[in-house]
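Here is a short report on one protein model. Please keep the sequence and the structure open while reading.

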Amino acid sequence: GGVGKTTLARFVFNKISYQFDGSCFLSNVREVSMTRGLNVLQQQLIYDILMERNIIIWDVHRGCNEIRRRLRHKRVLVVLDDVDQLEQLQALAGMHDWFGQGSRIIITTRNRHTLVGHCVDNVHMVHGLNHEEALQLFCWKAFRKDHPTDDYLELSFQMVRYADGLPLAL
């Protein structure tokens with residue numbers, strides 16, 4: 001956590017979403033599915049892409065059928081943020097034929113095995129910042145410039161080592 005998966009996914013989404021027939025960014029899939037249910041996320045997915053409010057999904061199985069039926073000919077961009085269970089992927093992204101040709105599904109997760117279990121085509125691991133990048137980010141946030149002041153040089157190095165390349169910690 002804190003390496004920037006959601007930030008990166010949001011950046012890509014904002015940059016390319018205009019190229020698709022519809023798009024949806026589902027934040028906090030793990031938390032929302034636990035507290036409100038997968039059917040609520042399915043309903044949000046369909047609404048965001050088609051802008052149809054009259055869809056009510058009472059159960060996950062019906063939601064899978066609705067997504068497949070309504071979106072199979074649409075070229076869509078979907079981001080599923082913070083997925084932690086295979087069941088979530090099966091309910092929201094199902095199979096390749098759920099969406100039209102050229103669609104893209106971006107999934108952020110801390111659990112690589114969830115992606116492997118869903119037969120995801122491409123996996124990209126997001127790594128933390130190296131020492132120089134981390135120091136520069138820390139300095140921009142702390143001093144509003146790309147290097148530490150002499151008075152805070154050693155403390156800056158300690159903070160960067162402690163954060164271990166995690167942008168959120170910096």
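The text below covers a sheet, a helix packed on it, and one glutamine.

**The sheet**

The model is predicted. It holds an open sheet of three strands in the order β1-β2-β3. The pairing is parallel. Strands of a sheet pair through backbone hydrogen bonds. Strands β1 and β3 are the edges, and each pairs on one side only. From one strand to the next, the twist averages 10°.

| Strand | Residues |
|---|---|
| β1 | residues 22-26 |
| β2 | residues 76-83 |
| β3 | residues 104-109 |

Five bridges join β2 and β3 in the parallel sense. Leucine 80 stands opposite isoleucine 107, a residue of β3.

**The helix on the sheet**

Helix α3 covers residues 38-50 and packs on the sheet. Helix α3 touches both β1 and β2. The direction of α3 makes about 145° with that of β1.

**Glutamine 88**

Glutamine 88 belongs to helix α5, which spans residues 86-92. Is glutamine 88 buried or exposed? Its relative accessible area is 2%, so glutamine 88 counts as buried, the cut-off being under 20%.

The side chain of glutamine 88 also has a polar partner in the backbone. One of its polar atoms lies 3.0 Å from the backbone nitrogen of glutamine 85.

Which residues does glutamine 88 touch, leaving aside neighbours within four places in sequence? The contacts are Val29, Arg30, Ser33, Leu38 and Val83. Of these contacts, Leu38 falls in α3, residues 38-50. Val83 falls in β2, residues 76-83.

Definitions and conventions: Residues are numbered from 1 along each chain as its sequence is written. This is a predicted model: local features need pLDDT of at least 70, side-chain atom pairs count only at pLDDT 80 or more; totals for chains, interfaces and linings use all residues. Side-chain values use heavy atoms; hydrogens and water are left out. Helices (H or I, at least four residues) and strands (E, at least two) are DSSP runs, numbered from the N terminus. Buried means under 20% relative accessible area, exposed over 50%, partly exposed in between (1.4 Å probe, protein chains only). A polar contact is a pair of N or O atoms within 3.5 Å; within protein, one must be able to donate a hydrogen and the other to accept it, and residues adjacent in sequence count only if both atoms are side-chain atoms. Contact means heavy atoms within 4.5 Å. Two strands pair if DSSP finds at least two bridges between them. Axes are lines fitted to C-alpha atoms, for helices over the stretch in contact, and angles run from 0 to 180 degrees between N-to-C directions.
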